[in-house]
Structure formats: C-alpha cells, structure tokens
Amino acid sequence: MAAPPPNPLPLAYQGGSVSVPDWLNKGNNAWQMISATLVGLQSVPGLVILYGSIVKKKWAVNSAFMAFYAFAAVVICWVVWAYKMSFGDKLLPFWGKAGPALGQKFLIKQAALPETTQFYDNGGVETAMATLLYPMASMVWFQCVFAAITLILLAGSVLGRMNFKAWMAFVPLWLTFSYTVGAFSLWGGGFLFHWGVMDYSGGYVIHLSSGIAGLTTAFWVSPPPPPPPPPSSSLIPSKSL
C-alpha cells in the first residue's frame, strides 16, 4: 500500500494541537493584528501630534488631548457595550443588543457575526453566517481602532471650538447613538447589509459618518461671527466747501 501524500500545508497550519484550534489561521490572525496596530498608530500618536501642531499655541494641549481622550474612551465603551451593539445579536434592523465583549470564553472562540446569515424568502439559508479564521479577541480589537479613529477624525472639525468637558460627554454619546448604528447596519448584519450594500473600506461607516457629524457639530458649536465694526468718522471724507 502506497504511503499517503505529504501534507502541503506547513506544520503550524495542520492543526492537531490542543492549543491551536482547527479554525485558527495564524496568517489571517497576524495580518488582522498588524492592520489594527497600523490604524491605532494613525490615531495615537499620529493624529494626537497632528492636532496639537496645527492649531494656535493656546489650543495645542486641548486639541492633542481631545484625540488622546477619544481613543482611550472608545476602547472602554467598546468592550463594555458598543461592540455588541455593532456586531452582536439584533435588537432593531439597524442596532444590536448592548452587552460586554469581555471574558475568556467569549474572546477565545472563533470570530463570527451572528446576524449575517442571509435567508431566502421561504426561510431557507442562502448564505451562512460569516465566520472568520481568527479569534473574537482579534475581531473586537480590530473594529475598536476603527471606531476610535472615526471619533478622532470628527474631532478635527471642532479643534479650538469645543470645550474639553463637553467633548468628554460627546464621545461616548456619539459612539453609542451614531457609530454603532452605521456599523451594525452595514457590517454587522443590519438592514443595509441584507440589502446588499457593501462597505469594504469604511467609506460609509467611518469617513462619511465622521464627515457629516463633524460638519454638523462644527456648525452648532462654532461661535457666531463677530459683528462688523462701526464705520469710523475719520474714514468718511468731508465735503469741501
């Protein structure tokens, strides 16, 4: 009897280890982490330094800390409730159920998007639920840095215009009531996902939402323009007699 052909896959991808589940692709997971790190570096220190250097000196520290606070606050809000509102079980056609994305059992299991199953009109499954070849911890962190940079991009519209205390309240509120809606609707299995709308690069969820929100926020928080100065009598030519 001839010997079985050698397995063409490298040993690291063949499975058979208790510590390496069969669904884990180390290359996919490594690239996911590298991508998340690169996006995170765009925010901290990237945009923190940029925002502190493009405004007047008196606003430099405030602007830099707006970006730094946004990143830190989003990380906390994301794992406590916002991740599952964006990628968890459906609450509304555009919103997921809030809940913590913490705990070993949750984070080490295979990443999956529970509301991405596509059904036929008769109830049959057309496309199965999206399952990824890396753990849920990688998925949570990867999506977290995108949520964070969205808020930091929005901050660029209100540098030197918004009080830092107001910004501290604005970040978790906008993340909860705006970003999670777009993320779930397009990426997490919401109504736009099932309508066939695709957003591969974050053009809708990140750039469009931060741009519109930044324009709206700047309009509402920007101080009104100062009144024009009154005409000076010395500039009015006198009529010669």
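Helices (H or I, at least four residues) and strands (E, at least two) are DSSP runs, numbered from the N terminus. This is a predicted model, where local features need pLDDT of at least 70, side-chain atom pairs count only at pLDDT 80 or more, and totals for chains, interfaces and linings use all residues. Residues are numbered from 1 along each chain as its sequence is written, and side-chain values use heavy atoms, leaving out hydrogens and water.

**Exercise 1.** Find the strand that holds Leu91, then the patch Leu91 belongs to.

*Solution.* Start with the strand: Leu91 sits in strand 1, residues 90-92.

**Exercise 2.** Work out how helix 1 and helix 2 are arranged.

*Solution.* Step one: helix 1 (residues 26-54) packs on helix 2 (residues 60-87) at about 165 degrees, with axes 7 Å apart. Step two: angles under 35 degrees count as roughly parallel, over 145 as roughly antiparallel, 65 to 115 as roughly perpendicular and the rest as oblique. So helix 1 and helix 2 are roughly antiparallel.

**Exercise 3.** Describe the chain over residues 30-52.

*Solution.* Residues 30-52 are 100% helix and 0% strand. Their end C-alpha atoms lie 32 Å apart.

Terms used: Patch = residues over 30% accessible without salt bridge, like charges linked within 9 Å, V, L, I, M, F, W, Y side chains within 5 Å. Areas by Shrake-Rupley, 256 points an atom, 1.4 Å probe, with all protein chains shown as cover. Salt bridge = Lys/Arg side-chain N within 4 Å of Asp/Glu carboxyl O. Axes fitted to C-alpha atoms, helices over the stretch in contact; angles between N-to-C directions.
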